[in-house]
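Subject: Structure handover

Dear colleague,

Here is the structure you will be working with. My notes follow below it.

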Amino acid sequence: MKFCTRGGARITGQRPSGSAAEGSGKDPPGDTHAGGAGGVGALRSEAKSSAAPGKFVPCAAPSVATATGAPAMAAPSVFLLAVSGEIESGEFPGFDDLYCKFCFVYGQDWVPTAGLEEGISQITSKSSVSPTTLVWNFPIDITFKSTNPFGWPQIVLSVYGPDFFGHDVVRGYGAVHVPFVPGRHKRTIAMFVPESTSRLQQFTSWFTGRRPEFTDPKVVAQGEGREVTRVRSQGFVTISFNVMTKDLHKLGYDVGPTALQSPSLEPGAQGLHRF
């Protein structure tokens, strides 16, 4: 049994044992569970009289919060990427009444935690004020978490509109990475469309309204099979981003403007710049 005083003195005592008590299995005279004059009660009285004056309290090891003044904080295991903004406008000479679809493509270590991964805008037409621009102003908003910057998210755009016969056909594909640096950014994406490999297929696709297009638009953000795909440039789309990150610097990645613009940094200190 251990006791300590307010001044830090420690007194150790042991319950007395006798052969009669041990043999009979009964408490010795005066030692009661209520704390009489003998046994533990006598030991407490002896300790109190021999130690420095003060209140006796049980000894306890100090906690981490008491020793340091604040609870220990665990290091973050993931970082967050919040993306908002809008698909502002597009320029497609010779085409009108177009709408836009978007979706995000990301690596295996990325997980969306909030927002929409894909969407479709309204149909917009050119105006007399801006006869060459199609204005959508369609909002985007999504949040990711990840443990690895590999597979940084890309946004894939697909623009559709009616042809001469009123069929919905693709007017352009495009993709761009979400900016690394937090802040507001604007990107202009060059769009393209797949082309038929022969004149006969071009005429057939025009007459039937079945133009060449990708079965999965996400292939635009990937490299597999692109070397055998025949495409043609067609139009531009302007998109704005508002990017916020959390705990990216704590995991050792520096994406500040200084780190991205300074060529003198070592690869180990450049963070995402090395990608």
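Start with the cysteines. The sulfur of Cys 103 lies 10.0 Å from the closest cysteine sulfur, in Cys 100, which is too far for a bond. A disulfide is counted here as a pair of cysteine sulfur atoms within 2.5 Å, and the structure holds zero of them. Cys 100 is likewise in no disulfide. Cys 103 is buried at a relative accessible area of 9%, and Cys 100 also counts as buried, at 1%. Buried means under 20% relative accessible area, exposed means over 50%, and partly exposed is in between (1.4 Å probe, protein chains only).

Two points on provenance. This is a predicted model, in which local features need pLDDT of at least 70 and side-chain atom pairs count only at pLDDT 80 or more, while totals for chains, interfaces and linings use all residues. Residues are numbered from 1 along each chain as its sequence is written, and side-chain values use heavy atoms, with hydrogens and water left out.

Overall layout. The protein chain has five helices and 11 strands; these are DSSP runs (helices H or I, at least four residues; strands E, at least two), numbered from the N terminus. Of its 275 residues, 33% count as buried. The chain exposes about 17000 Å², and carbon and sulfur atoms supply 56% of that (Shrake-Rupley method, 1.4 Å probe; for residues, only the protein chains shown count as cover). Among contacts (heavy atoms within 4.5 Å) between residues at least 6 apart in sequence, 71% join residues at least 24 apart.

Cores. A nonpolar core is a set of buried Ala, Val, Leu, Ile, Met, Phe, Trp, Tyr and Cys residues joined through side-chain atoms within 4.5 Å. The largest has 31 residues, and those with the most contacts inside it are Ile 87, Trp 136, Ile 155, Leu 157 and Phe 241. Elements giving two or more residues to this core include strand 3 (79–91), strand 8 (154–162) and strand 11 (231–246). Strand 7 gives the most, with six residues. Leaving out residues up to four places away in sequence, Ile 87 touches Cys 100, Trp 136, Asn 137 and Leu 157, among others. A second, separate core of 11 residues includes Tyr 99, Val 170, Phe 214 and Ala 221.

Strand 7 and its partners. Strands count as paired if DSSP finds at least two bridges between them. Strand 3 and strand 7 run antiparallel and are joined by 11 bridges, with Leu 80 opposite Lys 145. Strand 5 (residues 110–115) also pairs with strand 7 in the antiparallel sense, over five bridges; there Trp 110 stands opposite Ser 146. Asn 137 lies in strand 7 and has a positive phi, near 50°, although not a glycine. Asn 137 is partly exposed, with a relative accessible area of 42%.

Two other residues to look up. Gln 154 is found in strand 8 and is buried, at 14%. The side chain of Gln 154 reaches the backbone oxygen of Ala 221 at 3.3 Å. Beyond four places in sequence, the contacts of Gln 154 include Cys 103, Phe 104, His 177 and Ala 221. Asp 247 sits in the loop between strand 11 and helix 5 (257–261); Asp 247 is not a glycine, yet has a positive phi of about 65°.

Regards

Notes: Polar contact = N/O pair within 3.5 Å; in protein donor to acceptor, adjacent residues only side chain to side chain.
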